[in-house]
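Work through the exercises below with the model open. Each task is followed by a solution in steps.

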Amino acid sequence: MSVQETLTRWRNKYIPDHVVGEILSKNWIDNTVPFLALLATILVFGQVIPDFFSLSSMSDTTRQLGEFLFIVMAMMIVMVGGGIDLSVGSNYALGNFVALYLMNLAGLPVGVAVPLVILACAAVGLLNGILIGYLRLRAFITTLVTLILVRALVDMLLLRYAVDISMAMPESALWEYIGIGSPLGIPFSFLLALVLVGVVHLFLSRTRPGWHIMAIGGSRKSAYNVGIPVRRMVCISYVISGALCGVAGALFAARLNSAGSDTGIGLEIMALTAAVVGGNSLGGGRGSAAKGLMGAVIVLLITNGLVRLGFQSGAAPLALGIILLAAIAIDVRWLKNRYKLLAKVYVSPAYLALPPCPDTDPGSASPYAQNDKLRNVELIGLGEVEGPEDVIFDADGHLYTGTRFGDIVRFRAPHYDQPELFAHTGGHPLGLAFDRDGNLLVCVAGMGLYRITPAGDIQKMTDETNRTPWSIIDDSRLKLADDLDVAPDGRVFFSEATIRYGMSNWAYDALESRGNGRIICYDPATGRTRTVLRNLIFPNGICMAHDGQSFFFAETWACRISRYWFDGPRAGTVETVIDDLPGYPDNINRASDGSYWLALVGMRTPSMDLALKMPGFRRRMARRISPQELIFPNINTGCVIKFDEHGTVRDTLWDLGGENHPMITSMREHKGYLYLGGLLNNRIGKYRLDDADPEWTGMTSYWGGVK
Amino acid sequence: MTAMTAMLRRATDRLLGRGEAAVTLPPMDGALLPNTVLEQAPALAQLAKPDNLLQHGNRVLCSSGNRVLQLDPVQGTLTPWMQFEAAVAAMVALPDQRLVVALVDGQLLCVEGTTSRALTGLGQYRGFCPTALLADGDNALIVLEGSAQHRCTEWKRDLMARGASGSVWRLDLARGDSSRLASRLAWPAGIARGDDGALVVAESWRHRLIKLAGQRTDVLLSDLPGYPGRMTPTADGGAWLALFAPRSQLVEFVLREKAYRLRMMSEIDERFWVAPALESGRDFREPLQGGAIKSMGILKPWAPTRSCGLLVRLDEQWQPRFSLHSRADGHRHGVTSALEHDGRLLIASQGGHCILGLPGDVSGDA
C-alpha cells in the first residue's frame with residue numbers, strides 16, 4: 001500500500017467528517033448564528049464598558065428586558081404565522097395609558113385593572129386580526145395604519161389626562177411590587193418574562209394552536225389544504241400579540257408611572273430587529289421563543305451599550321437599522337443555502353479496501369465461475385408482485401412475499417398461481433421469518449419490526465432501540481430494518497442496514513461504504529430492544545446457524561459474511577466466514593444439506609472497487625454530479641451461492657443472460673426447490689434442486705414438527 | 001498577478017466545481033432530441049464490428065476488423081472482398097477508382113483491382129494513427145492522425161490521458177511529398193470539405209467541428225453532447241456526422257480527476273474503465289451508474305450510458321437539422337459511419353454489430 005493511500009486511510013479513520021453533515025441536518029443549527037452574535041455582543045460590551053456586569057447595571061438592564069421580551073414575543077408569534085405586527089409600539093403605549101388611567105384615576109384594584117389593560121390591547125390585536133385574517137388585508141400596511149391610529153388615540157387621551165395621571169399615585173403595594181420588586185434578587189418583570197418565554201416555547205412546539213400557526217407561516221396554502229382554519233389562526237396570532245403588548249404596557253406603567261408621549265416610539269423597529277436577529281424568519285414558519293430571547297438580549301445590550309458609551313441619540317437607531325439589514329440578508333442567504341450546503345456535505349465517503357475480487361469467468365476453476373443454471377426457472381407472479389425482497393413459506397407450504405406497495409402477498413400451495421393480499425403494512429416489507437407460533441415476523445423499511453398473526457393482524461414489535469451514546473443524529477428510531485431471524489428461545493435478531501439513510505436514498509450509503517449499520521436484538525419475553533453489533537457496513541441478511549447459538553450475517557458493501565455467537569461458550573464473538581466475495585451479499589438462508597444459501601444482489605466492478613479506496617474522489621463526485629449519474633455497485637446482475645460454515649463455497653447458480661433474475665436479493669429452499677426474490681424485480685423464480693431433500697422445509701428445520 | 005488570480009480561480013473552481021471543473025453537459029434538445037429511429041430501423045446485415053462504409057464505383061464496401069466486405073445495399077448480402085494484415089482504420093476512394101486503405105498499424109495501402117501496395121516515400125509523414133481519409137484531387141490525400149501517442153485502437157487511452165497530439169496532413173501521391181496542415185488537435189476523427197473548399201475536421205475530444213482556413217482554425221459547431229467521428233457528404237450539400245459515443249457527467253468528472261484516472265488506467269482492464277464505449281452493458285464488471293439500475297426488469301431509456309447510437313444530420317452551414325438515435329436501452333450503439341447510396345441511407349453500428357438500411361428521406365420525427 002502506498003504512503004498516500006495509508007494517509008488517506010488514517011485521515012478517514014480519525015477525522016469524522018460525516019459529523020458536519022449530521023450537525024447541519026439538526027433543526028437547532030438555525031440558532032448558531034444568533035448565539036454567536038449574542039456571545040460577541042456580550043464580550044464586546046463587557047470589555048468596552050466598565051462595570052457592565054455589575055449588579056445595578058444588570059438589574060436595570062434585566063428590568064427593561066422584561067418588558068421588551070413581551071413585545072418581542074408578540075412580534076415573534078405574528079412573524080412565525082407569516083405576518084408582521086408594526087402596531088406593537090403604540091399598542092404598548094396604549095397599554096401604559098390604560099393601566100395608568102385605571103390605577104391612578106379610576107382607582108381600580110390591580111386584579112381588575114391589569115386584565116382590563118390586557119383586554120384593551122387585545123382588542124387592538126383583534127382589530128388587526130379581523131382585518132388581516134378575515135378580510136385578508138396586507139399585514140404590513142394594516143398594522144402600519146393601526147400603529148398611527150392607536151398612537152393618535154393615545155396622544156389625544158394623554159393631552160386630556162396626562163396632568164391628572166401624574167398628580168395621582170395609586171395606593172397599592174402589589175402595584176409597586178410589580179414595578180420595582182425583585183424576588184430572589186431578580187426583577188419581577190424579568191421573571192415574568194422568563195416564564196412567558198417558557199410558555200411561548202411550549203405553545204409553539206407542543207400545542208395544536210402553536211403548530212397551526214407555525215404551519216400557516218411555513219406554507220399558508222398547504223396549511224389550508226390540510227384543514228387548518230387559516231383565517232381564525234391568523235386572527236388569533238394578532239390577538240395574542242395585542243394581549244402581550246398589554247402586559248408589557250402594564251409592567252411599564254407600574255415601573256415608571258409616567259404618561260410621557262414618547263412611550264413606545266420606535267419600539268416596533270426594535271422588536272422587529274430583535275426577532276430577526278434572533279433568527280426568526282421574516283417569511284414565517286421558522287422561529288422559536290429561544291430565538292426571540294437571544295435577539296431581545298442582543299438588541300437591548302447594543303442600544304443600552306451605545307447610550308452608555310456616550311454616543312449621540314441617533315446612534316442607537318442607526319446601529320439597529322444596520323443590524324436589521326445584516327440580519328435579514330443573513331437570514332435570506334442561510335435559508336437559501338442551508339439545504340444546498342447540507343446536500344453537499346452530508347454524503348461522507350470512507351476508505352474501504354476490498355480484497356482482490358475472485359475470478360468469475362465461465363470455465364475458470366473458481367467456485368464462482370459463471371453458468372446459466374438459472375436460465376430455465378419457472379416464474380411465479382410475473383408482473384403481479386413488485387419488489388419481492390424476501391420469500392418465505394409457512395407450515396402449510398404457502399408462499400409469502402412483500403411488495404413495494406407495502407403489502408404482504410400470499411400464493412397458495414401447491415400451484416402458487418394466484419396472489420392474494422395477506423396484510424398491508426404501509427412500509428416496504430423486507431426480511432421475513434416465521435416464529436415458533438406461526439406468526440410472520442417482518443422487517444418493514446421506515447417502520448421497524450412487525451408481527452403478523454396467521455389471521456393477518458399486524459402488531460408492532462419494536463420501532464426503536466437504545467440511542468448510541470454521543471451520536472449526533474438520533475439513531476434510536478429504526479429507519480431501515482432489513483432482515484431478521486429468530487433464535488430458538490424466541491429472541492429476534494435483525495439488521496438495520498444504515499442509520500444515515502432511508503429507503504428512498506439508501507444507494508448513497510454505497511457511496512459512503514462506512515460502518516453505518518447495526519444488528520439489533522428484540523426479546524419478546526421482556527419487550528426490550530438492544531443494539532448488539534454496531535458500525536457494520538450495510539448489514540443485510542441474517543440467518544440462524546444450525547447450532548442455535550450463532551447466526552451468520554452479510555455486510556453488503558464490505559462483500560463479507562461473518563458469524564456472531566449470542567449464546568454458548570463463544571458468546572459475544574464475531575468471526576469472519578468469507579471476506580472476498582465477488583459480489584454484494586444480501587439475504588442468507590438455510591439449505592437442506594446443512595449449509596447455507598446466499599444471494600449476491602450485485603457484482604463488484606473494478607471501477608467501484610478503485611473508487612472505494614479513494615474517498616476524496618467519491619466525495620467530490622457526490623457533490624458535483626447528479627444522483628442518477630453516480631458510480632454505483634452493479635446490482636443489475638446477481639447470483640446465488642451456497643456456502644458451509646467453514647466458508648467453503650459449494651455451489652453457484654447464475655443467470656448468465658440475466659433475463660429473469662438480473663438481481664437476486666433472497667432465496668428460500670422449500671421441498672426440493674429454490675425460490676428467488678429480488679428487491680427491484682417483478683417476479684419470483686422457482687428453481688429445481690436436483691440433489692436436495694424433497695421433504696425439507698424451513699419450518700421443520702427451525703421449529704421441528706411444531707405447527 | 002494575473003497568473004496568481006488565475007491559479008486562485010482554478011483552485012476555487014476545483015473546490016466548488018465551477019468553471020473548468022464543472023461537469024455540465026449540453027442537453028439533448030432541439031435537433032438532438034432523442035428518438036428511436038436507429039433502434040427500430042431494419043437491420044440490413046449482421047456483421048461483427050462494421051466500421052467504415054464506402055462507395056467505390058458502384059460497389060458499397062464495409063470494413064470489419066481486417067476484412068473489407070462488399071455489401072449488396074438491397075438484399076443485404078455480404079461478400080468478402082479483401083483482407084489485410086491488420087484491422088482497417090479508414091478507407092477512401094480516389095477519383096480514378098483507386099482505393100486507399102489505412103490500417104491501424106499506421107500503414108497506408110493503395111488498392112488497384114485486387115492488388116495492394118504500401119504507400120511510402122511521403123516526405124515527413126509517418127503513419128501512426130490514421131483515423132480518416134479524404135481525397136484531394138486525383139493525386140492527393142488528406143490524412144487525419146488521431147494522436148501521436150496512441151494507436152487507433154487505443155482511442156480510449158488517448159481520451160483518458162487527455163491527449164491532444166493529433167494532426168492533419170496533406171499527402172501528394174504524385175510527388176511523394178507531404179505537408180502538415182494542422183497540429184495539436186484532440187483526436188481529429190472525421191473530415192469533409194465545405195462548399196467553399198475549406199477542410200472541416202471533427203475534433204472528438206473537444207466535441208466540436210472546426211474549419212481549417214490557412215493557419216487559422218474556426219469553430220463551426222461546438223458543445224456537442226457526444227464525441228464526433230466520421231462525416232459523409234449528402235446530396236444536398238449537408239453531411240451526416242456520426243457521434244460514436246455519448247459524453248456523460250461521470251466521464252467528464254473522471255477526466256477532471258487525475259489521481260483516479262491514472263490509477264484506473266494502470267490498474268484496470270480497459271474494458272471496465274469509466275470511459276465512453278462503442279458498446280456497453282455486456283459484462284457486469286463494467287461500471288454502473290445509479291440511473292442505470294434496472295427496476296422491474298426495465299432499463300430506462302434515459303439511463304446514463306457509456307455508449308449510444310447517434311447520427312446527426314448537418315445542413316450546409318454545418319448546423320444540426322435532426323438526428324437519429326438508439327438510446328441507453330437500445331442496442332444499435334457505436335455508430336461510426338453512414339453512407340447515402342441510391343436513395344438509401346446505410347448506417348454502420350459497430351456496437352450493434354449490424355448495418356442498418358433506412359429510406360434516404362428519413363427524418364428525426366418518429
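**Exercise 1.** Find which strand of chain B joins strand 20 of chain A, and in what direction the two run.

Solution. Take strands as DSSP runs of E with at least two residues and helices as runs of H or I with at least four, numbered from the N terminus. Two strands pair if DSSP finds at least two bridges between them. Strand 20 of chain A covers residues 631–632. Two bridges join it to strand 20 of chain B, and the strands run antiparallel. Within this pair, A:Phe632 stands opposite B:Leu288.

The model is predicted: local features need pLDDT of at least 70 and side-chain atom pairs count only at pLDDT 80 or more, while totals for chains, interfaces and linings use all residues. Residues are numbered from 1 along each chain as its sequence is written, and chains are lettered from A and ligands numbered from 1 in the order in which they are written.

**Exercise 2.** Describe the side of chain B that touches chain A.

Solution. Count two residues as in contact if their C-beta atoms, placed from the backbone, lie within 7 Å. On this basis 31 residues of chain B meet 30 residues of chain A. Next, list the elements of chain B that give two or more residues: helix 4 (249–255), helix 5 (258–267) and strand 20 (288–289). Helix 5 gives the most, with five residues.

**Exercise 3.** Which residues have the most contacts inside the largest nonpolar core?

Solution. Call a residue buried if 20 or more other C-beta atoms lie within 10 Å of its own, exposed if 12 or fewer, and partly exposed in between, with C-beta atoms placed from the backbone. A nonpolar core is a set of buried Ala, Val, Leu, Ile, Met, Phe, Trp, Tyr and Cys residues joined through C-beta atoms within 7 Å. The largest has 213 residues, and those with the most contacts inside it are A:Leu598, B:Leu133, B:Ile191, B:Val201, B:Leu311, B:Ile347 and B:Ile355. Leaving aside neighbours within four places in sequence, the contacts of B:Val201 include B:Leu144, B:Val168 and B:Ile210. Apart from this core lies another, of 98 residues, among them A:Leu86 and A:Trp175.
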